[in-house]
Amino acid sequence: MKLKTKLTLGVGLLFLLIVLLSVMGSVYINKLKSDTEKILNANYSSIEFSKNMLLALDRIGSDSAVAIQEFKKNNQLQEKNLTEFGEREATQSLNLHFNNYLKLPNNEKEKLIREDLVKIMTLNMKGIERKSDVAIITAENATFWIVSLGTVCFLIAFVLLFNLPQTIAEPISQLTFSIRQIANKNYSERVHFKGSEEFNDLAESFNVMAEKLQEYESSTLSKQLMDKKRIETLVNNMHDAVIGLDENHFIYMINDEALKITNLNKEEIIGKTVHEVAVNNDLVRELLKNMDHPQKDPIKIVSGHKENYFEQDVIPINIVRTGEKEKKYIGRVILLRNITPFKELDFAKTNFIATISHELKTPISAIKMGVQLLENQKFGELNEQQKELVKGINEDGQRLLDITGELLNLSQVETGNIRINIENCSPKEIVQTAIKNVEKLAEQKNISIKTQFEVEDSDLVAADFDKTVWVMNNFLSNAVKHSFQDESISVKVEKYETSVKFSVSDTGKGIDEKYHRQIFDRYFQVPGEHQNGTGLGLAISKNFIEKQHGEIGVKSSLNQGSSFYFLLPLV
Ligand code: ADP
C-alpha cells in the first residue's frame with residue numbers, strides 16, 4: 001500500500017472517530033440532562049406540593065384560614081403536575097376528601113387526606129426511582145460507547161505513533177547511508193525497502209542510478225588507463241625532454257629523452273624530489289636554477305659526442321577541481337625543446353652568409369671603384385643621362401656594400417668571431433663622426449640634426465670607437481629614414497653617475513609599444529612598413545653595445561616619434 005494512502009486512512013479514521021466521540025458525548029450529556037430535568041419537574045415538585053399540603057393540614061386547627069389557603073394553592077399546583085400513572089385518581093380523591101373535611105372536619109376525614117397525600121408522594125418517589133434507573137442506563141450506555149470509541153482512537157493513535165515515524169525515518173536513514181557510500185565511490189551499494197510503494201520506487205531508482213554509475217566508473221577507468229598509456233607512449237616518443245613535477249617538487253613523470261640527456265635511471269628518480277636528484281646531477285641542477293627564472297639562451301648539452309641545443313620552458317599546471325571554483329596549482333612540467341636541427345641550420349646559414357657577404361664585398365667595391373672612375377672627367381665626359389645612370393649604380397653599390405657589411409657583422413656576432421677593442425673614447429667625437437656619415441642622407445630630406453652635450457670634454461667612455469660609431473650611425477640613419485621631410489633630429493649625450501647616455505630622438509611615425517620587445521630581434525621589421533632595410537641594424541647594435549657592457553633601449557609610441565638610446569660605462 002502507498003504511504004500516502006496509509007497516512008490518509010490512519011489519520012482520517014482517527015479524525016472521524018474523534019468527531020463521532022464528541023457528537024456522542026454531547027448527545028448523552030443532553031439525554032442525562034433531560035432525564036434529571038424530568039425527575040425534578042415531574043416528581044420532585046409533586047413531593048414538594050404534598051409535603052406543603054401535609055404541613056398546612058397540621059396547621060388547620062391553629063391558623064385555619066391561612067393553612068386552608070396554603071393547602072388549596074398546593075393542591076391546585078399538584079393538579080397541574082400529574083405525571084405518574086394513578087396520580088390523577090389519587091389527586092381527585094384528595095380533592096374529594098379535603099372538600100368533605102372542610103364541610104365537617106374530623107380525624108377520620110383527616111386521616112383519609114393524609115393517606116391520599118402519602119399515596120401521591122409514594123407514586124412520585126417510585127417515578128423518581130424509575131427515571132433514575134433510566135438515567136443510570138443512559139449514563140452506562142454513554143460510558144460504554146465513549147470508552148469503546150476512546151479505546152479505538154487510542155489504538156489507532158498508538159499504531160500511528162509507533163509505526164509511522166519508523167516507516168518514514170528508517171528508509172531515509174538507510175538512503176542517506178547509501179548516498180554517502182556512493183559519494184565515497186562504493187558503487188556496489190544497493191538499497192532494499194520493505195513496505196510502502198513510494199519507498200520501493202525510490203529504492204528502485206537509486207539502484208538503477210548506482211548500477212549506471214558502477215558501469216560508467218568501470219568503463220571510464222579502463223578508458224582512462226588506455227588514455228594514460230597513450231599519453232605516456234606519446235610523451236616517451238617525443239624528441240623534447242619532459243619532466244613532470246607535482247606541487248611538492250616530486251618527479252612523477254620523465255620521458256626517455258629526458259633520461260637520455262640527464263644520464264639518469266628512471267627507477268632511481270621516480271618518487272624523489274627534483275632537489276634530491278639535483279644534488280648529484282649537474283644538468284638537473286641547472287634546470288632547477290632556471291625553473292623560476294627561465295633563460296632565453298638555449299642550453300647546450302653534449303650527448304653521444306654530439307652537441308645538442310635545448311630551449312627550456314616551464315609550464316605551470318593549474319586545474320579547477322570538480323565542484324570548486326578556484327584554480328589550484330598541482331605542479332609543473334619542465335620542457336626541454338630540442339632545437340638542435342634549427343641550430344645546425346642556423347650555423348649553416350650564418351656560415352653561408354659570412355662566406356657570401358665576404359665574397360661579394362670585393363666585387364662590389366670593385367664596381368664602386370669603376371663607377372667612381374667613370375665619373376672622373378679624365379676618362380671622358382658623360383652626358384646627363386649617363387651621369388644619372390652612374391649615380392644610380394653608385395647608390396645601389398653603396399646600399400649593397402652596406403647590406404653585405406651588416407650581414408658580415410651579423411655572422412661575426414653569431415659565430416662569436418667579433419673582436420671588441422675597448423679604449424677610452426670621447427662621446428662628442430663618437431657623435432660627431434656618426435653625424436658626418438649621415439649628413440648627406442639628412443640633407444636629401446632637409447632634416448636638421450641638433451646636438452646637446454651634457455658632458456665635460458674630459459668625460460670619456462670605455463668603448464670600441466668604430467662599433468659605437470656604427471651603432472650611432474644606425475640610430476641616425478633610422479631616424480632620418482623614419483622622419484618626415486623638413487623635420488629635425490636631436491642627439492643628446494648625458495652624463496650619469498657611472499655611465500653616459502647617448503640618445504637619438506626623432507619626430508617621425510613612432511613605433512607601437514607592442515613591437516618594442518621584438519625591435520632588437522634579427523630580421524624584425526615593423527609590419528606594414530616597406531622600407532628597404534634588412535631588419536638587422538638594431539640586432540647588431542644591441543649585440544655591439546652589450547658586448548661593450550652597455551645597455552640599449554627604445555622609448556616610442558605611435559605617431560609621437562621615437563627615441564633610441566644606449567648607455568656606455570664612464571671611465
Ligand atoms: P632596418 O632599418 O634595416 O629595417 P633596423 O634593425 O635598423 O632594420 O630596424 C628595424 C625596424 O625598426 C625597422 O624596420 C623599422 O620598422 C623600425 N625602426 C627603427 N628605427 C625607427 C625609428 N627611428 N622610427 C620608427 N621606426 C623605426
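An open sheet of 5 strands runs in the order β2-β1-β5-β4-β3, with antiparallel pairing. Strands here are DSSP runs of E, at least two residues long, and helices are runs of H or I, at least four, numbered from the N terminus. Two strands pair if DSSP finds at least two bridges between them. This is a predicted model: local features need pLDDT of at least 70, side-chain atom pairs count only at pLDDT 80 or more, and totals for chains, interfaces and linings use all residues. Residues are numbered from 1 along each chain as its sequence is written, and side-chain values use heavy atoms, without hydrogens and water.

**The antiparallel sheet**
- The edge strands are β2 (251-254) and β3 (299-303), and each pairs on one side only.
- On average, neighbouring strands are turned by 25° against each other, direction ignored. Axes are lines fitted to C-alpha atoms, for helices over the stretch in contact, and angles run from 0 to 180 degrees between N-to-C directions.
- Strand β1 (residues 241-246) is joined to β2 by 3 bridges. Leu-245 stands opposite Ile-251 in β2.
- Helix α10 (residues 340-375) packs on this sheet and touches β4 (306-319) and β5 (328-338). Its direction makes about 135° with that of β4. Contact means heavy atoms within 4.5 Å.

**The cavity**
- The whole structure has 1 cavity of 30 Å³ or more. A cavity is a set of points, on a 1 Å grid over the protein atoms alone, where a 1.4 Å probe fits but cannot get out; lining residues have an atom within 4 Å of a point.
- The lining of the largest cavity includes Ile-243, Ile-251, Ile-254 and Leu-264. Strand β2 and helix α8 (274-278) each give two or more residues to this lining.
- By class, the lining has 8 nonpolar, no polar and no charged residues.

**Annotated stretches**
- An unreviewed UniProt entry places a "transmembrane region" at residues 142-164. That stretch is 100% helix and 0% strand, with its end C-alpha atoms 32 Å apart.
- The UniProt annotation "domain: HAMP", also from an unreviewed entry, covers residues 166-218. There the chain is 75% helix and 0% strand.
- UniProt annotations may be inferred rather than shown by experiment.

**The mixed sheet**
- Another open sheet of 5 strands has the order β7-β9-β10-β12-β11, with mixed pairing. Its edge strands are β7 (448-454) and β11 (551-556).
- Strands β11 and β12 (residues 562-569) run antiparallel, joined by 6 bridges. Ser-556 has Ser-562 in β12 as its bridge partner.
- Helix α12 (residues 427-444) packs on this sheet, touching β7, β9 (488-495) and β10 (499-505).

Notes:
1 Å grid on protein atoms, 1.4 Å probe; cavity = no way out; pocket = protein on both sides within 12 Å on 5 of 7 lines; lining within 4 Å. Points joined across faces, edges and corners; volume = space filled by probe spheres on them. Nonpolar A, V, L, I, M, F, W, Y, C, P; charged D, E, K, R; others polar.
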